[in-house]
Amino acid sequence: QVQLVESGGGLVQPGGSLRLSCAASGLTFSSYSMSWYRQAPGKQRERVAAIISASGSTNYADSVKGRFTISRDNAKNTVYLQMNSLKSEDTAVYYCNALTWGAGRSEYWGQGTQVTVSS
């Protein structure tokens, strides 16, 4: 059974930092591209950062470039999202996503972790 478990969310003041973690189990982690998505109230879910399985290359939404960093530790089956210089508009539920196109497409989601940026 595949599980993605996010942690690290919480309340932070504008300008502050948080580090999200997503621990994966039940899958061959190194074969999956990992992404962080977020969904704010009344808005569509959007991808904020991704790290590709094969190359390790990363890409980011324009809104978080230069502030967020995605990384992965294949030995720990964990993906991270370091979030710096947080803004009120970063407030959302953040979701971890695992995707592979190996023997057919497989995709999994975590349950989400709340990030609230407020003074």
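Predicted model: local features only at pLDDT ≥ 70, side-chain atom pairs only at ≥ 80, totals over all residues.
The bond is formed by Cys22 and Cys96, whose sulfur atoms lie 2.1 Å apart.

Attention may now turn to the nonpolar core. The largest such core comprises 29 residues, and those with the most contacts inside it are Leu4, Met34, Trp36, Val79, Leu81, Met83 and Tyr94. Two or more residues are contributed by each of the strands β3 (18–25), β4 (33–39), β5 (46–51), β7 (68–73), β8 (78–83), β9 (92–100) and β11 (113–117). Beyond residues up to four places away in sequence, Tyr94 touches several residues, among them Leu20, Trp36, Phe68, Leu81, Met83 and Val115. Its partners also include Glu6, Arg38 and Thr113.

Strand β9 also holds Asn97. Is this residue buried or exposed? Asn97 has a relative accessibility of 2%, and because buried means under 20%, Asn97 counts as buried. The side chain of Asn97 makes a polar contact with the side chain of Glu107, at 2.9 Å. When residues up to four places away in sequence are set aside, Asn97 touches Leu4, Ser33, Met34, Ser35, Tyr37, Glu107, Tyr108 and Trp109. Of these, Leu4 and Met34 are also listed among the residues with the most contacts inside the largest nonpolar core.

Key: Residues numbered from 1 in each chain as written. Heavy atoms only, no water. Core = buried A, V, L, I, M, F, W, Y, C linked by side-chain atoms within 4.5 Å. Buried < 20%, exposed > 50% of the residue type's maximum accessible area, 1.4 Å probe, protein only. Helix = DSSP H or I, 4+ residues; strand = E, 2+ residues; numbered from the N terminus. Contact = heavy atoms within 4.5 Å. Polar contact = N/O pair within 3.5 Å; in protein donor to acceptor, adjacent residues only side chain to side chain. Disulfide = S-S within 2.5 Å.
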